[in-house]
Amino acid sequence: MLTRRATLAASLIPLAAPALAQTAWPARPPSIIVPFAAGGGVDVATRTIAEAAGGPLGRRPVIENRGGGSTIPATQAVTRAAPDGYTLLAVPTTTVINPAFRDDLPYDWRKELTPVALLAKLPFVVVTRAASPVKTMPELADLVRKSGNPLTFGSGGSGTVAHLAGELFGLRAKVPTQHVPYRGEAPALTDTIAGNLEVMFCTLASAAGQIQSGALRALAVTVAERVPSLPDVPTVAEQGFPNYDVSAWVGLAGPKDLPAEPVAKLNAAFAAALEQASVKERLALLGAVPAAMGPVDFAAFMEAEGKLWAQVIADAKVRMD
């Protein structure tokens with residue numbers, strides 16, 4: 001009997017080996033939840049990169065939009081998902097900003113997400129009306145000091161990265177600020193062109209047309225290095241405000257305890273996608289720049305960003321009404 005059982009077990013080994021091989025990750029397309037409505041910068045950037053990553057990954061990721069709730073419902077859905085690599089989050093800057101505004105979040109991203117990769121940064125450009133006497137960021141700060149009034153600046157909404165970018169500039173320049181929130185960037189741009197705002201911190205894509213037409217003057221870009229689409233526009237840091245490096249960004253994360261295999265394969269596939277010329281070109285049209293970063297560095301980056309914005313929110317006494 002033992003001999004017959006041993007013989008039967010041996011005969012099944014060739015059949016078992018292919019079955020085991022088929023379990024290699026990914027066995028099906030992973031789903032990436034984007035915590036914004038379709039069509040925005042984070043959504044389009046994620047779709048662009050994910051489509052290109054489908055080749056090296058062997059499966060094209062499926063994008064699922066779950067907007068609303070300050071990204072909280074979408075993030076919570078991922079924290080509750082099985083840690084198998086098939087449910088991922090297009091993690092935005094909002095994820096690390098939210099804890100500074102809310103102490104009732106239903107999750108702790110540090111404990112309940114596994115950072116996988118930073119994908120892209122979406123810098124801002126500081127713009128003013130064409131007729132403004134201001135041509136540089138130091139001139140802007142001097143104008144505010146001489147006027148005795150706060151720097152009025154606009155953004156696409158309270159608590160956004162663009163809003164906090166303006167508050168950070170006020171802190172670094174040591175000038176008072178008055179943020180004017182709008183429901184989207186378009187009306188804020190209109191008021192900036194009309195002179196109702198001194199400046200606006202705006203995404204590159206939204207301001208590009210008005211800069212090219214001459215309706216707006218670009219004073220600076222907010223990242224550490226000049227951006228290819230505006231090569232003649234200096235950075236804020238270049239103009240006497242060192243270590244000013246601000247952008248919205250999007251990365252990739254999964255639930256806690258995500259195994260090493262999907263983390264490594266996802267990171268490699270998305271890094272390869274960011275090297276493709278077509279991806280770089282499409283991101284440039286969005287006003288985004290590739291920013292590949294591995295899991296460990298991305299985790300440290302998220303932690304540093306969270307600390308930065310928590311400090312800005314505290315120092316500038318930012319409130320969400």
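A residue counts as buried when its relative accessible area is under 20%. The model discussed here is predicted.

Q: Why is phenylalanine 153 called buried?
A: The cut-off is under 20%. Phenylalanine 153 has 0% relative accessibility, so phenylalanine 153 counts as buried.

Q: What makes phenylalanine 201 buried or exposed?
A: Phenylalanine 201 also comes out at 0% relative accessibility, and therefore counts as buried.

Q: Why is the pair of phenylalanine 153 and phenylalanine 201 given the name edge-to-face?
A: Two rings pair if their centres lie within 6.5 Å, and planes over 60 degrees apart count as edge-to-face. Here the centres are 5.7 Å apart and the planes stand at 75°, so the pair is edge-to-face.

Q: Why can this pair be said to tie together separate parts of the sequence?
A: Phenylalanine 153 belongs to strand E5 (residues 151-155) and phenylalanine 201 to strand E7 (residues 199-203), so the parts tied together are 48 residues apart in sequence.

Q: How many aromatic pairs does the rule give?
A: The count is 6 aromatic pairs. One of them joins tryptophan 25 and tyrosine 86.

Q: Why is the pair of tryptophan 25 and tyrosine 86 called tilted?
A: Planes under 30 degrees apart would be stacked and planes over 60 edge-to-face, with the rest tilted. The planes of tryptophan 25 and tyrosine 86 are at 45°, with the ring centres 5.7 Å apart, so the pair is tilted.

Q: Which parts of the chain does the pair of tryptophan 25 and tyrosine 86 link?
A: Tryptophan 25 is in the loop between helix H1 (2-21) and strand E1 (31-34). Tyrosine 86 is in the loop between helix H3 (72-79) and strand E3 (87-92), and the two residues are 61 residues apart.

Q: How do you know whether tryptophan 25 and tyrosine 86 are buried or exposed?
A: Tryptophan 25 has 5% relative accessibility and so counts as buried. Tyrosine 86, at 10%, counts as buried too.

Q: What lies over the face of tyrosine 86?
A: Arginine 28 does, at 3.8 Å from the ring centre. The cut-off for such a charge is within 6 Å of the ring centre.

Q: Which residues do ring pairs link into a cluster?
A: The cluster is made of Trp249, Phe298 and Phe301.

Q: What makes the one cavity in the search count, and what lines it?
A: The search takes cavities of 30 Å³ or more and finds 1. Among the lining residues are Leu118, Asn267, Phe270 and Met293. Helix H10 (260-274) is one of the elements that give two or more residues to this lining, and H10 has the largest share, 4 residues. By class, the lining has 8 nonpolar, 1 polar and no charged residues.

Q: How is the lining of the largest pocket made up?
A: This pocket has a volume of about 950 Å³. Of its 37 lining residues, those closest to the centre are Phe36, Thr94, Thr160, Val161 and Ala248. The classes are 16 nonpolar, 18 polar and 3 charged. H4 gives the most, with 4 residues.

Q: How is the lining of the second largest pocket made up?
A: This pocket has a volume of about 200 Å³. Its lining includes Lys121, Glu225, Arg226 and Asp245. The lining divides into 7 nonpolar, no polar and 4 charged residues, and E10 supplies the largest share, 3 residues.

Key
Residues are numbered from 1 along each chain as its sequence is written. This is a predicted model: local features need pLDDT of at least 70, side-chain atom pairs count only at pLDDT 80 or more; totals for chains, interfaces and linings use all residues. Side-chain values use heavy atoms; hydrogens and water are left out. On a 1 Å grid over the protein atoms alone, a cavity is a set of points where a 1.4 Å probe fits but cannot get out, and a pocket is an open set with protein on both sides within 12 Å along at least five of seven lines; lining residues have an atom within 4 Å of a point. Grid points are joined across faces, edges and corners, and a volume is the space filled by probe spheres set on the points. Ala, Val, Leu, Ile, Met, Phe, Trp, Tyr, Cys and Pro count as nonpolar, Asp, Glu, Lys and Arg as charged, and the others, Gly among them, as polar. Buried means under 20% relative accessible area, exposed over 50%, partly exposed in between (1.4 Å probe, protein chains only). A charge sits over a ring if NZ of Lys or CZ of Arg is within 6 Å of the ring centre and within 35 degrees of the ring normal.
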